[in-house]
Amino acid sequence: MSGLASNHVAEIPGIYGPVSISERIIQRIWAQQDFIQRDLRTLCGKTILIQHPGRWNRSEEGPDFRDAVWEMAGERVIGDVEIHFYAQDWRRHGHHSDPNFARVRLHVILFEPPYEISSDMPTVVLGPYLKEDLESYLISQGADGDLAHFFEDWSDQSSVDIRKSLIQGAGVRWRQKLAFAQRRLESLGFA
């Protein structure tokens, strides 16, 4: 499912320990075309030149981007684009049998699959084309790069509950950073 209900999250290694990232961040990177497009290729080696990323679908059932335009191996393609962390998410989320995803012509994933995938769907691994690491991207975009979800997730909560959640989350993140720094200092031989 796409749109506002999409809340898929992955954890990536960061400078100060693990960082949680929303699929919406990857969608934002695609929407803004904020990646290196030179020599962009599918997993099967076809070159892709994005002419229009499509209309970001943040409120309807169906793919993440509609009516995108790109050139693949010299041929113009118009279709929808679906974004995931992993190649297997296409089937895991049931898109292969959902008619809302019938016009998807490009699958964009963040992480390189650990094995060869067999799919008729052209797939682009976005990770190697990012201009900066995801943690830096999140910092440069402010908080987690997409503050809108705070308003969606917390719109029905009181200010007291929101403050309590923020303090609790900050405490968890601080303890993660301290533990990572401690391990790093110990591995380098510092007391």
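Predicted model: local features only at pLDDT ≥ 70, side-chain atom pairs only at ≥ 80, totals over all residues.
Strands here are DSSP runs of E with at least two residues, and helices are runs of H or I with at least four, numbered from the N terminus.

On one side, β6 pairs with strand β5 (residues 65-72) in the antiparallel sense over 6 bridges; pairing requires at least two DSSP bridges between the strands. Gly79 of β6 is the bridge partner of Ala68. The two strands form a hairpin with 2 residues between them, and Ala73 in the turn has a positive phi of about 55°. β6 also pairs with strand β7 (residues 104-109), this time in the parallel sense over 5 bridges, and there Glu82 stands opposite His107.

## The chain as a whole

Along the sequence the pattern runs β-β-α-β-β-β-β-α-β-β-α-α-α, giving 5 helices and 8 strands. The chain has 191 residues, 39% of them buried. Of the contacts (heavy atoms within 4.5 Å) with a separation of 6 or more, 53% join residues 24 or more positions apart.

## How the model was read

Residues are numbered from 1 along each chain as its sequence is written, and side-chain values use heavy atoms, leaving out hydrogens and water. Local features need pLDDT of at least 70 and side-chain atom pairs count only at pLDDT 80 or more, while totals for chains, interfaces and linings use all residues.

Terms used. Buried < 20%, exposed > 50% of the residue type's maximum accessible area, 1.4 Å probe, protein only.
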